[in-house]
Amino acid sequence: MKKIYFFAVLSLFSTFTYAKCKVPDSLEGLTFQNMIDPYYSSINPNAGAIERITYHTDTYKARFINDRTIGPFKGLYTYRVLDEDNGVGLYQGYESKPFNKPRSYRSL
């Protein structure tokens, strides 16, 4: 009986929890730090790199924090909010400079 009561109390609280997500109206002036998927492959040569991206008006600048020998990289982007109530935005980026894209900084 105690197990059923405990489960009922937990399920009651879980119905009241939800995520209220909000995406920004614009990326201008924001800086993000991202870690690239740690599993190396031919299509992921920068596995495990930590990248800092700073957004300006329609452009961004990206730099690997843990490898300062390559970059910075610049690109263009578009961003728009698709569903404000559910926190959905669409980001499309195009890395334009330098024309030699990031390569593996790690030797195998």
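Reader: Let's start with Y77: is this residue buried or exposed?
Author: This is a predicted model, where local features need pLDDT of at least 70, side-chain atom pairs count only at pLDDT 80 or more, and totals for chains, interfaces and linings use all residues. Residues are numbered from 1 along each chain as its sequence is written, and side-chain values use heavy atoms, leaving out hydrogens and water. Buried means under 20% relative accessible area, exposed over 50%, and partly exposed in between (1.4 Å probe, protein chains only). With a relative accessible area of 7%, Y77 is buried.

Reader: Thanks! Which residues make up the largest nonpolar core?
Author: A nonpolar core is a set of buried Ala, Val, Leu, Ile, Met, Phe, Trp, Tyr and Cys residues joined through side-chain atoms within 4.5 Å. The largest one has 6 residues in all: L27, I53, Y55, Y60, A62 and Y77.

Reader: Which strands each supply at least two residues of this core?
Author: Strands (E, at least two residues), like helices (H or I, at least four), are DSSP runs numbered from the N terminus. The two that each give at least two residues to this core are β2 and β3 (59–64).

Reader: How many aromatic pairs are there?
Author: A pair of aromatic rings is described by the distance of the centres and the angle of the planes. Rings of Phe, Tyr and Trp (its six-membered ring) pair if their centres lie within 6.5 Å; planes under 30 degrees apart count as stacked, over 60 as edge-to-face and the rest as tilted. By this rule, the count is 6.

Reader: What kind of pair do Y55 and Y60 form?
Author: Y55 is buried at a relative accessible area of 6%, and Y60 is buried at 9%. Their ring centres are 6.2 Å apart and the planes stand at 50 degrees, so the pair is tilted.

Reader: And what kind of pair do Y55 and Y77 form?
Author: Y55 lies in strand β2 and Y77 in strand β4 (residues 73–83), so the pair ties together parts 22 residues apart in sequence. The centres are 5.0 Å apart with the planes at 75 degrees, so this pair is edge-to-face.

Reader: Which side chain of opposite charge is nearest to E51?
Author: E51 lies in strand β2 (residues 50–55). Lys and Arg count as positive and Asp and Glu as negative, with His and the chain ends not counted. A salt bridge is a side-chain nitrogen of Lys or Arg within 4 Å of a carboxyl oxygen of Asp or Glu. E51 is buried yet has no salt bridge, and 10 Å away lies the nearest side chain of opposite charge, R63.
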